[in-house]
Amino acid sequence: MLQYIVPATGLLFTLENILWINIGVFVGSVFAAIPGLSVILCVILFLPVTYTMTAIPGMMFLLGIYCAGGYGGSVSAILINTPGTPHAAATMLDGHPLSRKGRTKAALKIALYASTFGGVFSALMLLFLGPQVAKIAAQLGTAEYFMVCVFGLTIIAGVSGKSIIRGLVSACLGLLISCIGTDPMTSYDRFTFGIPRLYLGLDLAVCLIGLFALVEILAKAEKKLGELRLDTAKMHDDGKISRQEYKRMVRPVIMSSIIGVLVGIIPGTGASEASWFSYNTAKNLSKHPEEFGNGSVEGIAAAESANNAVTGATLIPLLTLGIPGDGTVAIMLSALMINGLNPGLSLFTTDGDIMYAIMLGLILVNLFMFIQGRFLTTLFAKVVSIPQEILTPIIVIFCFAGAYSVNENYFDVAVALVFGILAWILRKLDLPPVPILLGLVLGRMTETNFRRALLISNGDPSIFLKSIYCKIFLALIIIAVGAIVRGKWKEQKAAKAAAAAQKESN
Amino acid sequence: MKEMVRAFHARMDRWGESLHQKEMRIPVDLTVGVLFFLFALAILFVMPQQVAISEKDTVNGRAFPTLLMVVMMICCAMLVGKEIYKIITKQPLNWKVINLQTEIKALVILAILVVTYLLSRFTDLFVVGAIFCCLGFLVYFRCKKPSYYVITITIAVAIWAAFRFVLNVDF
């Protein structure tokens, strides 16, 4: 490990990287602060920009957006009681009440400190655990890799929507779309329908712009235009946190960071689950549980440290096995692969200096997030009040410019539009888009390993059950599916019971 | 002019209100099941024309898409089977309510997007489409503040300039 640290430090500490980290942190904080704009949308919009960059600045930029998004979401949660991102919902429970007590700056400061600690802790975990997991990943062959892909896809399909079956339909659709273009093994064209531009396949960024960004524009039809006006007078407190409060924050911050890392390592579970789980744990272990929901500093600290502690941990399965923990890191996987960096042990050995630079960069991202948060939070807070009339066309222009810039042609813009319409139809049919994204990202890897394994076994499918790792992954798939189905069944039962109770009370 | 705009908005509001009352209910699981089963069948049907293979290959380019479509068909069959079971046991189906007003509004937004694309493509000037996009959405949102028009168009031009001159995107 140490032999990579020195060259990695040299690669990381360049003016270009520092600049892109700061741009990423700023953009991520601003986007996440605006309710309705998600971190994934932001990463998708800016993905084409990274196509012209090398691996380190590109990844630093995207990681800046990803990490700062964790903190940015808390700004609107604290100020206007609306979480900027779904995982800031737990922060809102205590952040807004504390803000209403006239301690807005203090609430934002607690969120920032806790987020930074969670983020740095997670980055350190990635630095130490990543190479160890990669050593295990090095023992996997093609059949095992196929099982890993199936495992990742099944979990994401299971947790993304209301039904695991519908999630699987989405995942199959994503994988099928990834088949469009040249066959990865024979170079014959597939599903091009006589359209020459499809020979090269569909660009991931273009598809994602349609699936996640343009569909949000179409979704404006579902909402009424409500202006979010922020009373900036709220920000006029001194933001002082007492020594007693600092002491009370220590335990929940450390515990929630550990919870965040553990939750983040499991594919499919993300920042929302980590923040709620940590919030409840902190409440149960607190000496002042009555303060939770009424502006508890422990509550804010627990939720925020957990949701940022997920950021580095989700990269562990991503960089070692190629399994993205959530949609946002799936996009980062594609950004890595564009630069010829494929997940696995080689990433930590052959490309060790680049990889360690990225992992060390994650610590730097959190430190710059802290600095920007200390000095620019007032600006992020003002962004919350940008009216929809201005924001909507600007996002569309970004989408179109981003789609065009990938290959500098309007065909890609049309593809993005088609995917936007497709995503709208899928939304109406309650089909989750995240498994499609995962299918698009993992498609080529899944197919290549599937076919290579069958070629090795001369077409005998029992190869997928022969090795011990295959058996382990098969068992994990069965356990995961069982747990997901059981969870959904429980949810349905609880919903039915609640509906029956409401009927009775009426 | 102001009167005309007001009358137009009033007419749209009345139309919108009447559309808001109109709803369509679809059995969502059944629809997904049938729709994607047929889609998978169609893909399997066009596969021989769309995926060229060599006879020598043990595992050819059709293997993976075929596997996917088979999995999709099994999933769809499960969805349909579940809904049929619900019908037989007289349990409520999984319904989705589609509001006509929302769909018409989405179509208007889509029209703005399509015209933006067409204008950019046929004039070969992205900035023309960008300006139309700003105006289209501001009119859609019934924005009456001139400052918003100025700000939005300025930002649109700035984005175009950033892509054109900083990132060297040729449009």
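Tutor: Read along the sequence, chain B follows the pattern α-β-α-α-β-α-α-α, and its secondary structure comes to 6 helices and 2 strands. Helices (H or I, at least four residues) and strands (E, at least two) are DSSP runs, numbered from the N terminus. This is a predicted model, in which local features need pLDDT of at least 70, side-chain atom pairs count only at pLDDT 80 or more, and totals for chains, interfaces and linings use all residues. Residues are numbered from 1 along each chain as its sequence is written, while chains are lettered from A and ligands numbered from 1 in the order in which they are written.

Student: How do you know what confidence the predictor has in chain B?

Tutor: One consults pLDDT, the predictor's confidence in each residue, from 0 to 100. Chain B averages 89, and 100% of the residues score at least 70. The model as a whole scores ipTM 0.92 and pTM 0.84.

Student: What makes chain B compact or spread out?

Tutor: The radius of gyration is taken over C-alpha atoms, and the globule rule is 2.2 Å times the number of residues to the power 0.38. For 171 residues the rule gives 16 Å, whereas chain B has 25 Å, well over that value, so chain B is more spread out than a compact globule. Its C-alpha atoms fill a box of roughly 65 × 50 × 20 Å, taken along the principal axes.

Student: How does chain A stand against the globule rule?

Tutor: With 506 residues, a compact globule would have a radius of gyration near 23 Å, and the 23 Å of chain A agrees with this. Chain A contains 20 helices and 2 strands, and its C-alpha atoms fill a box of roughly 70 × 60 × 50 Å along the principal axes.

Student: Which class does A:Thr192 receive, and why?

Tutor: A:Thr192 counts as partly exposed because it has 17 C-beta neighbours inside 10 Å. Its place is the loop between strand E2 (189-190) and H9 of chain A.

Student: And what is the class of B:Lys90?

Tutor: B:Lys90 is exposed, because 6 other C-beta atoms lie within 10 Å. B:Lys90 sits in the loop between helix H3 (63-88) and strand E2 (95-99) of chain B.

Student: What share of each chain is buried?

Tutor: In chain A, buried residues make up 60% of the 506 residues; in chain B, they make up 25% of the 171 residues.

Student: Why is helix H7 of chain A described as enclosed?

Tutor: Of the 19 residues of H7(A), 17 are buried, so the helix is largely enclosed by the rest of the structure. H7(A) covers residues 142-160 and reaches 27 Å from its first C-alpha to its last, close to the 27 Å expected at 1.5 Å a residue. The expected span is 1.5 Å times one less than the number of residues in the helix.

Student: How do you know which residues A:Val169 touches?

Tutor: Two residues are in contact if their C-beta atoms, placed from the backbone, lie within 7 Å. Not counting residues up to four places away in sequence, A:Val169 touches A:Leu431, B:Val32, B:Phe36, B:Met72, B:Cys75 and B:Cys76.

Student: How many residues does each chain give to the contact between chains A and B?

Tutor: The contact takes 54 residues from chain A and 54 residues from chain B. H17(A) gives the most to the side of chain A that touches chain B, with 13 residues. H17(A) is itself mostly covered, with 16 of its 20 residues buried.

Definitions and conventions. Buried ≥ 20, exposed ≤ 12 C-beta atoms within 10 Å, placed from the backbone.
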